[in-house]
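Here is a short briefing on one protein chain. Keep the sequence and the structure open while you read.

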Amino acid sequence: MNDAASLSRPRRASLWARLWRRPWFKRLFYEGLGLLLLLRRGMQVLNCGFHESGYPAFPLPLDYEPERLGLQLYHKLVAGADLTGRDVLETGCGRGGGARVLAELYRPASYTATDASRMFMWACRWRNRLPNLRFIATVACPLPFPDTSFDYLLTVEAVNLLPDKAGYLAEAARVLRPGGRLLLTDYFYTRETSGNAVGKFRAAIAASGLRLVAEENWTARAVAALESDSPRRRAEIARLPGFLRGPAISFAGTTASPLYQQLCDGRAVHLHFDLVKA
Ligand SMILES: C[S@@+](CC[C@H](N)C(=O)[O-])C[C@H]1O[C@@H](n2cnc3c(N)ncnc32)[C@H](O)[C@@H]1O
């Protein structure tokens with residue numbers, strides 16, 4: 001979840017940063033994580049989360065309750081949408097917890113959840129069986145769906161990983177029906193030289209076939225969620241094999257992670273974009 005380039009120890013940072021820039025390494029990393037978590041019940045969401053005092057409680061399957069803050073990010077993402085009876089696509093769905101909860105809660109006609117990791121998709125199919133929910137292993141760009149197939153495209157903390165964000169927005173515009181919406185939340189870096197710079201992403205939106213309806217800054221909510229959820233995440237990490245615990249503390253959105261520091265000191269922002277296909 002973090003920008004490898006900003007890890008504090010220079011020698012390790014440069015190796016990790018160089019590898020993390022390679023799309024094949026990110027794919028391999030998530031496949032490895034998928035294999036590791038294949039049969040694990042926890043960690044059904046892999047995002048910072050959204051925490052706001054007084055946020056309305058929404059029903060969750062009992063075994064998803066511990067991950068409420070991560071699922072709340074999904075819930076908040078679709079707060080202004082009407083998914084019921086619609087065709088919904090999600091890219092970068094990870095372990096599928098968000099897809100499962102939205103498909104059950106809002107009853108879209110179809111919810112197609114996709115991710116580049118085959119391991120994640122196998123585990124998702126095994127764990128989340130709903131008649132309106134399917135899981136497909138595919139990269140987010142290009143997408144293997146015909147033009148104008150979906151009413152909504154959702155994505156949570158997966159765009160930051162894409163090397164070609166403009167290409168992704170073009171694919172979104174292609175697969176959405178007229179009036180269809182791309183609801184996106186992710187973190188971006190304020191440093192303009194980053195491949196995940198917020199300025200570059202805003203420019204890509206302006207040049208895409210999508211119209212910006214709203215942009216909101218959810219950084220404080222993400223920070224609050226990381227602070228509140230960190231003890232639970234650390235306890236989950238403590239159950240991993242020893243050699244993975246150090247990297248996991250840093251990677252998995254705890255208060256010890258570089259991303260948490262970056263969100264706190266303004267080097268990163270957590271944003272929500274609501275885009276519509278005219
Ligand atoms: C930080 S996780 C977020 C997962 C999920 N959205 C959630 O919030 O729990 C990012 C996900 O993006 C996926 N991913 C990475 N590169 C991708 C690509 N090029 N196309 C599709 N998915 C990708 C990873 O496999 C991973 O599951």
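Glu-157 is buried, because its relative accessible area of 7% falls under the 20% cut-off. This residue sits in the loop between β4 and α6. Its phi is positive, about 50°, although Glu-157 is not a glycine. The model is predicted, and the mean pLDDT of the chain is 90.

- Most residues other than glycine have a negative phi, and most peptide bonds are trans.
- Is Arg-107 buried or exposed? Arg-107 counts as exposed, because its relative accessibility is 59% and the cut-off is over 50%.
- The peptide bond that joins Cys-141 and Pro-142 is cis, with omega about 5°.
- Pro-142 belongs to the loop between β3 and β4.

**Helix α4**
- Helix α4 covers residues 97-106.
- Seven of its 10 residues are buried, so α4 is largely enclosed by the rest of the structure.
- The buried residues of α4 are Gly-97, Gly-98, Ala-99, Arg-100, Val-101, Leu-102 and Ala-103.
- Which elements cover the buried residues of α4? The cover includes the helices α3 (68-77) and α5 (118-127).
- It also includes the strands β1 (87-91), β2 (110-115), β3 (133-137) and β4 (150-156).

**Helix pair α6 and α7**
- Two packed helices are described by the angle between their axes and the distance between the axes.
- Helix α6 spans residues 165-175, and helix α7 spans residues 198-207.
- Their axes come within 9 Å and cross at roughly 35°.
- The crossing of α6 past α7 is right-handed.
- On the α6 side, Lys-165, Ala-166 and Leu-169 make the contact.
- On the α7 side, Phe-201, Ala-204 and Ile-205 make the contact.
- By class, this contact has five nonpolar residues, one charged residue and no polar residues.

**Confidence**
- In this chain, 94% of residues reach a pLDDT of 70 or more.
- Where pLDDT is low, the predicted coordinates should not be read in detail.

Notes: Residues are numbered from 1 along each chain as its sequence is written. This is a predicted model: local features need pLDDT of at least 70, side-chain atom pairs count only at pLDDT 80 or more; totals for chains, interfaces and linings use all residues. Side-chain values use heavy atoms; hydrogens and water are left out. pLDDT is the predictor's confidence in each residue, from 0 to 100. Axes are lines fitted to C-alpha atoms, for helices over the stretch in contact, and angles run from 0 to 180 degrees between N-to-C directions. Helices (H or I, at least four residues) and strands (E, at least two) are DSSP runs, numbered from the N terminus. A crossing is left-handed if the near helix is turned anticlockwise from the far one by less than a right angle, and right-handed if clockwise. Contact means heavy atoms within 4.5 Å. Ala, Val, Leu, Ile, Met, Phe, Trp, Tyr, Cys and Pro count as nonpolar, Asp, Glu, Lys and Arg as charged, and the others, Gly among them, as polar. Buried means under 20% relative accessible area, exposed over 50%, partly exposed in between (1.4 Å probe, protein chains only).
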